[in-house]
Amino acid sequence: MTEAVKGPAGYFPSIEKKYGRPVAEWKKLIRGSSLSKHMELVSWLKAEHGLGHGHANALVAHTLAEPDAA
């Protein structure tokens with residue numbers, strides 16, 4: 001039996017389905033932004049790309065937690 005994905009990555013299937021872009025593309029946008037603070041990035045995704053708060057928060061949290069996100 002497979003375990004359900006927990007944490008921010010648990011949102012990824014619904015993000016891809018709802019917004020029509022793969023998570024890798026969202027992460028690339030986040031990394032390419034001139035913003036660096038978590039909530040700035042969340043607000044930007046919401047305002048510029050129409051993401052809901054939970055989805056934006058999950059993408060930013062997961063992206064910033066990656067080793068190369070410095």
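Axes here are lines fitted to C-alpha atoms, for helices over the stretch in contact, and angles run from 0 to 180 degrees between N-to-C directions. Helices are DSSP runs of H or I with at least four residues, numbered from the N terminus. The model is predicted: local features need pLDDT of at least 70, side-chain atom pairs count only at pLDDT 80 or more, and totals for chains, interfaces and linings use all residues. Residues are numbered from 1 along each chain as its sequence is written, and side-chain values use heavy atoms, with hydrogens and water left out.

Two packed helices are described by the angle between their axes and the distance between the axes. Start with α1 (residues 12-19) and α2. Their axes lie 9 Å apart, at an angle of about 90°. That makes α1 roughly perpendicular to α2, a label for angles of 65 to 115 degrees. From α1, the residues F12, I15, E16 and Y19 meet V23, W26 and K27 of α2 (contact means heavy atoms within 4.5 Å). By class, this contact has five nonpolar, no polar and two charged residues. Ala, Val, Leu, Ile, Met, Phe, Trp, Tyr, Cys and Pro count as nonpolar, Asp, Glu, Lys and Arg as charged, and the others, Gly among them, as polar.

Next comes α2 (residues 23-32) against α3. The angle is about 115°, and the axes are 11 Å apart. The crossing of α2 past α3 is right-handed; that is, the near helix is turned clockwise from the far one by less than a right angle. W26, L29 and I30 of α2 make the contact with L41, W44, L45 and H49 of α3. Six of these residues are nonpolar, one is polar and none is charged.

Then α3 (residues 38-49) packs on α4 (residues 53-65). Here the angle is about 135°, with 9 Å between the axes. The two helices are therefore oblique to each other. Again the crossing is right-handed. On α3, the contact uses H38, M39, L41, V42, L45 and K46; on α4, H53, A56, N57, V60, A61 and L64. These divide into eight nonpolar, three polar and one charged.

Last, look past α4. E66 is found in the segment after this helix. Not counting residues up to four places away in sequence, E66 touches K27 and R31. The side chains of E66 and K27 are joined by a polar contact of 2.4 Å. A polar contact is a pair of N or O atoms within 3.5 Å; within protein, one must be able to donate a hydrogen and the other to accept it, and residues adjacent in sequence count only if both atoms are side-chain atoms.

Notes: Angles under 35 degrees count as roughly parallel, over 145 as roughly antiparallel, 65 to 115 as roughly perpendicular and the rest as oblique.
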